[in-house]
Amino acid sequence: MDMPTISLTMEELAEKIRDCQKCPLSQTRKKAVPGEGSHNSVVMFVGEAPGGDEDREGLPFIGRAGQLFTRILQSVQIERKDVFITNIVKCRPPQNRNPNKSEIEICLPYLESQIALINPRIIVTLGSVPTKCLLNTDDAISRLRGQWFPWLGGIKIFPMFHPSYLLRHQEATPGSPKELTWRDIQELKRMLSKI
Ligand code: SF4
């Protein structure tokens, strides 16, 4: 992955994404979801792909998983408006299947452009798909989460579980996905307070 030089503004880039027809997901989506939040954020959150609610509204992380994600941020006093939230592919795959390799490859330049424009210090990958893609690994998210990985341009990548995974695993016993996520968000907050 290379960091591109960008001549567009964030809003122009978002418009380009909303009009994009580059991959077959454009045929089945209702609205592309470029992402939202602060364009000066030191941290970007990158999920997998829009779901049904996001596809209808054109906004990221607004369904049940998104609402849980907002509460996770609020638990350490991080406001959504202060960070940038997006996905590795910008259009909903049919039946919420995982985006395939080709769709990710075709869409990735948009994420690369967003990263180049925002220039964050930290990228939090949410779930297996963005984590494996950006870190170029096949390791499981359960092995990668909660660790800091050096990446391009001095950016650090911090993988966490996807909130939809937490909805499917509600227990909060020691070592459960929920409890590990509580530890991870506190670690993220600790790092942000040092920047
Ligand atoms: S997923 Fe990405 S590449 Fe495919 S149509 Fe949507 S914006 Fe374009």
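**Charged pairs and the ligand site**

Reply: Happy to! Let's begin in helix 9, where R183 and E179 sit 4 residues apart, about one turn of the helix. Keep in mind that this is a predicted model. R183 forms a salt bridge with E179, and their closest N and O atoms are 3.1 Å apart.

Me: How far apart are the closest N and O atoms of E15 and R18?

Reply: E15 and R18 are 3 residues apart in helix 1, so about one helical turn separates them. Side chains of opposite charge can pair when their charged atoms come close. E15 and R18 form a salt bridge, with the closest N and O atoms at 2.6 Å.

Me: Are D184 and R145 buried or exposed?

Reply: D184 forms a salt bridge with R145, the closest N and O atoms being 2.8 Å apart. This pair links distant parts of the chain, 39 residues apart: D184 is in helix 9, and R145 is in the loop between helix 7 and strand 5. Buried means under 20% relative accessible area. By that cut-off, D184 and R145 are both buried.

Me: Which element gives the largest share of the shell around the ligand?

Reply: The ligand sits in the largest cavity. Helix 2 and helix 5 are the elements that give two or more residues to the shell around it. The largest share, 3 residues, comes from helix 5.

Me: How many nonpolar residues does the shell around the ligand have?

Reply: The residues around the ligand include C20, L25, I106 and Y110. By class, the shell has 3 charged residues, 1 polar and, to answer you, 7 nonpolar.

Technical notes:
Residues numbered from 1 in each chain as written. Predicted model: local features only at pLDDT ≥ 70, side-chain atom pairs only at ≥ 80, totals over all residues. Heavy atoms only, no water. Near = heavy atom within 4 Å. 1 Å grid on protein atoms, 1.4 Å probe; cavity = no way out; pocket = protein on both sides within 12 Å on 5 of 7 lines; lining within 4 Å. Sits in = over half its atoms within 2 Å of the grid points. Nonpolar A, V, L, I, M, F, W, Y, C, P; charged D, E, K, R; others polar. Salt bridge = Lys/Arg side-chain N within 4 Å of Asp/Glu carboxyl O. Buried < 20%, exposed > 50% of the residue type's maximum accessible area, 1.4 Å probe, protein only.
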